[in-house]
Amino acid sequence: EMEVNRTDALQAIMIVSRSLADPIRTSLFHRSIGLAVSPAFSEADERLRASLHPLTAFRFNLAFGSLVPQAVRTAGALAHTTEEYQQVIGLAVALFRTGDDFTTNQAAHALALIPPEELVIDIRILAGSPNHWVRQLAAVLWTTRPDEAPALGQALATDPDRAVRRVMAESLGRLKEKRPDLAAELAALLSQDLFASVRQAVK
């Protein structure tokens, strides 16, 4: 099948992943990982990709480059064991290195699907990323493990990207359960944000 069709199929699997029996999830997980590692593009894909050459007068792009990131995200939704979580983490972190915004977004979503206690990754590295999707993931993760880097909360609450600050505001409920003092401090800070969407998220 063409890349665009397989990407659509992976999206459909991701949607129903949590309702599948464990043996089926495991089977589909391994097939998703297989696509992420070795996508094996069809002959039609290869011909159409050739039209994207900079010197080609006519270009035809059917969302090329979507299959591998979607495969990793779907694998994240299907994973349900420590070993599977670790495979997803390794592939997602590798995708961050591409520098592509869509790919990074999918990788961040894949990691967000992993239970926080299984996501063994340095939050400070995520928070220092130049990509806003990765910093949004850092905000979500930090509110579940604030004691790893208590000062990081203020940095994320004052992030230059509005979406990162909004994610922090939306995650204050989880933070309140673990560190009510930090939650109150950040709520006061985010309540004064320039953007109404961030202030509303605090409420």
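**Figure 1. Salt bridges in the predicted model.** The count comes to 6 salt bridges, a salt bridge being a side-chain nitrogen of Lys or Arg within 4 Å of a carboxyl oxygen of Asp or Glu. Side chains of opposite charge can pair when their charged atoms come close. This is a predicted model, in which local features need pLDDT of at least 70 and side-chain atom pairs count only at pLDDT 80 or more, while totals for chains, interfaces and linings use all residues. Residues are numbered from 1 along each chain as its sequence is written, and side-chain values use heavy atoms, with hydrogens and water left out.

**Figure 2. Close-up of Arg124 and Asp122.** The two residues form a salt bridge, with 3.1 Å between the closest N and O atoms. Arg124 is exposed at 52% relative accessibility, whereas Asp122 is partly exposed at 30%. Buried means under 20% relative accessible area, exposed over 50%, and partly exposed in between (1.4 Å probe, protein chains only).

**Figure 3. Close-up of Glu148 and Arg145.** A salt bridge joins these side chains, at 2.7 Å from N to O. Arg145 is buried, with 15% relative accessibility; Glu148 is partly exposed, with 45%.

**Figure 4. Close-up of Arg179 and Asp181.** The closest N and O atoms of this salt bridge lie 2.9 Å apart. Asp147, Arg179 and Asp181 belong to one network, joined by salt bridges that share partners. Arg179 is partly exposed at 21% relative accessibility, and Asp181 is partly exposed at 45%.

Figure 5. Thr74 is buried, with a relative accessible area of 0%. Leaving aside residues up to four places away in sequence, Thr74 touches Leu10, Gln11, Ile13, Met14 and Ser32, where contact means heavy atoms within 4.5 Å.

**Figure 6. The protein chain as context for the close-ups.** The protein chain has 13 helices and 0 strands. Its C-alpha atoms fill a box of roughly 60 × 45 × 25 Å along the principal axes. Of the 203 residues, 44% count as buried. Among contacts between residues at least 6 apart in sequence, 67% join residues at least 24 apart. The chain exposes about 10600 Å², and carbon and sulfur atoms supply 58% of this area, as given by the Shrake-Rupley method with a 1.4 Å probe.

Technical notes. Helix = DSSP H or I, 4+ residues; strand = E, 2+ residues; numbered from the N terminus.
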